[in-house]
Amino acid sequence: MHLATTVVSALLAALMSYAAVRKLTHRREVVESYLRAGVPEDKLDLLAIVLFAGAAGLLAGLIWPPIGIAAGAASLVYFAVAVGFHIGAGDARNLPTPLALAIIAFAATALQLATL
């Protein structure tokens, strides 16, 4: 169980870090993607910080599971809200990414819970 927890948590942390770095670039295609979902460009840096914090929490949770559980649950909420934004904006093209990340966040949280 510990190996699965480590792999899934590390994978999610890496994906969240990648998503955060993309937001921090403010490249035109990134900004346009978030604008389609209803997220203004001036919120991208804040969202990047939230993603980095979640990634750090997931990794810290490998040492102390309560932090990993909290980070996993918060990440699940973050990506569930992202799914809602994409659905609300009719942006089905970009819906698979936050949906997949929400599923991985659920798995990471469940695995962290199982380590208690």
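This is a predicted model: local features need pLDDT of at least 70, side-chain atom pairs count only at pLDDT 80 or more; totals for chains, interfaces and linings use all residues.
User: OK. Where is Asn94?
Analyst: Asn94 sits in the loop between α4 (65-88) and α5 (96-114).

User: Buried or exposed?
Analyst: Asn94 counts as buried because its relative accessibility is 18%. Buried means under 20% relative accessible area, exposed over 50%, and partly exposed in between (1.4 Å probe, protein chains only).

User: What does the side chain of Asn94 make a polar contact with?
Analyst: The side chain of Asp91, at 3.1 Å. A polar contact is a pair of N or O atoms within 3.5 Å; within protein, one must be able to donate a hydrogen and the other to accept it, and residues adjacent in sequence count only if both atoms are side-chain atoms.

User: And which residues is Asn94 in contact with, leaving aside neighbours within four places in sequence?
Analyst: Ser33, Arg36 and His86. Contact means heavy atoms within 4.5 Å.

User: Switching to charges. How many salt bridges?
Analyst: The count is two, where a salt bridge is a side-chain nitrogen of Lys or Arg within 4 Å of a carboxyl oxygen of Asp or Glu.

User: Which residue does Asp91 form a salt bridge with?
Analyst: Arg36, with the closest N and O atoms 4.0 Å apart. This pair links distant parts of the chain, 55 residues apart: Asp91 is in the loop between α4 and α5, and Arg36 is in helix α2 (residues 28-36).

User: Why is Asp91 called buried?
Analyst: Because its relative accessible area is 6%. Arg36, at 35% relative accessibility, counts as partly exposed.

User: What does Glu29 meet in a salt bridge?
Analyst: The side chain of Arg27, at 2.7 Å, N to O. Glu29 is partly exposed at 41% relative accessible area, and Arg27 is partly exposed at 39%.

User: Last topic, aromatics. How many aromatic pairs?
Analyst: One. Tyr78 and Phe79 are edge-to-face, 5.0 Å centre to centre with 85 degrees between the planes. Rings of Phe, Tyr and Trp (its six-membered ring) pair if their centres lie within 6.5 Å; planes under 30 degrees apart count as stacked, over 60 as edge-to-face and the rest as tilted.

User: Are Tyr78 and Phe79 buried or exposed?
Analyst: Both Tyr78 and Phe79 are buried.

Conventions
Residues are numbered from 1 along each chain as its sequence is written. Side-chain values use heavy atoms; hydrogens and water are left out. Helices (H or I, at least four residues) and strands (E, at least two) are DSSP runs, numbered from the N terminus.
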